[in-house]
Amino acid sequence: MAEVEVDNRSSVEVDLAPLVAQAGFMIERLGLHPEVELAISLVDPKEITELHVRWMDLPGPTDVLSFPMDELRVPGPGESAEPGMLGDVVICPQ
């Protein structure tokens, strides 16, 4: 099964089980390798604003940022999926 790691650094209490389940569902539906890895971080508005400015050169907060790692792709007919690091997703629950 895919490894979905969640780090809640926000001040909001979040039920992580549905988040992990949704990530697993998407990985499966995309036909990615079952050993693919995904990291999800939940952060406060200050941190997402800093990331938004640093990586997107856009002012202010946003709700989500994604940082792909490996060049993973959906396998075509007759192709096998490969394991790898899907990337990081940063979410601001506020």
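Author: Here is a short chat about the elements, the contacts and the surface of this structure. Please keep in mind that this is a predicted model.

Reader: Thanks! How many helices and strands are there in the protein chain?

Author: The protein chain has two helices and four strands. Starting at the N terminus, the order of the elements is β-α-β-α-β-β.

Reader: And what does the C-alpha trace span along its principal axes?

Author: The trace spans about 45 × 30 × 15 Å along those axes.

Reader: What share of the residues counts as buried?

Author: The chain has 94 residues, and 26% of them count as buried. Val36 is one example: its relative accessibility is 0%, and because buried means under 20%, Val36 belongs in that class.

Reader: Where is Val36 found?

Author: Val36 sits in the loop between α1 and β2.

Reader: How far apart are the C-alpha atoms of Val36 and Thr62?

Author: Those C-alpha atoms are 26 Å apart, and the two residues are separated by 26 residues along the chain.

Reader: OK, let's switch to charges. How many salt bridges does a search of the whole structure find?

Author: The search finds three. As background, side chains of opposite charge can pair when their charged atoms come close.

Reader: Which side chain does Asp7 meet in a salt bridge?

Author: Asp7 meets Arg9, with 2.9 Å from N to O. Asp7 is partly exposed at 32% relative accessibility, and Arg9 is partly exposed as well, with a relative accessible area of 39%.

Reader: What else does Arg9 form a salt bridge with?

Author: Arg9 also forms one with Glu47, where the closest N and O atoms are 2.5 Å apart. Arg9 is in the loop between β1 and α1 while Glu47 is in helix α2, so this pair ties together parts that lie 38 residues apart in sequence. Glu47 itself counts as partly exposed, at 25% relative accessibility.

Reader: Nice. Which residue forms a salt bridge with Lys46?

Author: That would be Glu50, and the closest N and O atoms of this pair are 4.0 Å apart. Both Lys46 and Glu50 lie in helix α2, four residues apart, which is about one turn of the helix.

Reader: Is Lys46 buried or exposed?

Author: Lys46 counts as exposed, with 64% relative accessibility.

Reader: Which residues do salt bridges that share partners join into one network?

Author: Asp7, Arg9 and Glu47 are joined into one network that way.

Reader: Let's change topic to aromatics. How many aromatic pairs does the structure hold?

Author: The structure holds one aromatic pair. Trp55 and Phe67 make it, in an edge-to-face arrangement with 6.0 Å centre to centre and 75 degrees between the planes.

Reader: Which parts does that pair tie together?

Author: Trp55 is in helix α2 (residues 45-56) and Phe67 is in strand β3 (residues 64-68), so the pair links parts that are twelve residues apart in sequence.

Reader: How accessible is Trp55? And what about Phe67?

Author: Trp55 has a relative accessible area of 48% and is partly exposed. Phe67, at 22% relative accessibility, also counts as partly exposed.

Reader: How far is the C-alpha atom of Phe67 from that of Leu86?

Author: The two C-alpha atoms are separated by 8.7 Å, and the residues are 19 apart along the chain.

Reader: Last topic, the surface. Which residues make the nonpolar patch?

Author: Trp55, Met56 and Leu58 make a nonpolar surface patch of about 320 Å². Met56 lies in helix α2, and at 45% relative accessibility Met56 counts as partly exposed.

Reader: And which residues form the negative surface patch?

Author: Glu3, Glu5, Glu37, Asp70 and Glu71 form that negative patch.

Reader: Where does Glu5 lie?

Author: Glu5 lies in strand β1, which covers residues 3-8. Glu5 is partly exposed, with 49% relative accessible area.

Methods:
Residues are numbered from 1 along each chain as its sequence is written. This is a predicted model: local features need pLDDT of at least 70, side-chain atom pairs count only at pLDDT 80 or more; totals for chains, interfaces and linings use all residues. Side-chain values use heavy atoms; hydrogens and water are left out. Patches are made of residues with over 30% relative accessible area and no salt bridge: like charges are joined within 9 Å, nonpolar side chains (Val, Leu, Ile, Met, Phe, Trp, Tyr) within 5 Å. Accessible areas come from the Shrake-Rupley method with a 1.4 Å probe; for residues, only the protein chains shown count as cover. Lys and Arg count as positive and Asp and Glu as negative; His and the chain ends are not counted. The place of a charge is taken as NZ of Lys, CZ of Arg, CG of Asp or CD of Glu. Buried means under 20% relative accessible area, exposed over 50%, partly exposed in between (1.4 Å probe, protein chains only). Rings of Phe, Tyr and Trp (its six-membered ring) pair if their centres lie within 6.5 Å; planes under 30 degrees apart count as stacked, over 60 as edge-to-face and the rest as tilted.
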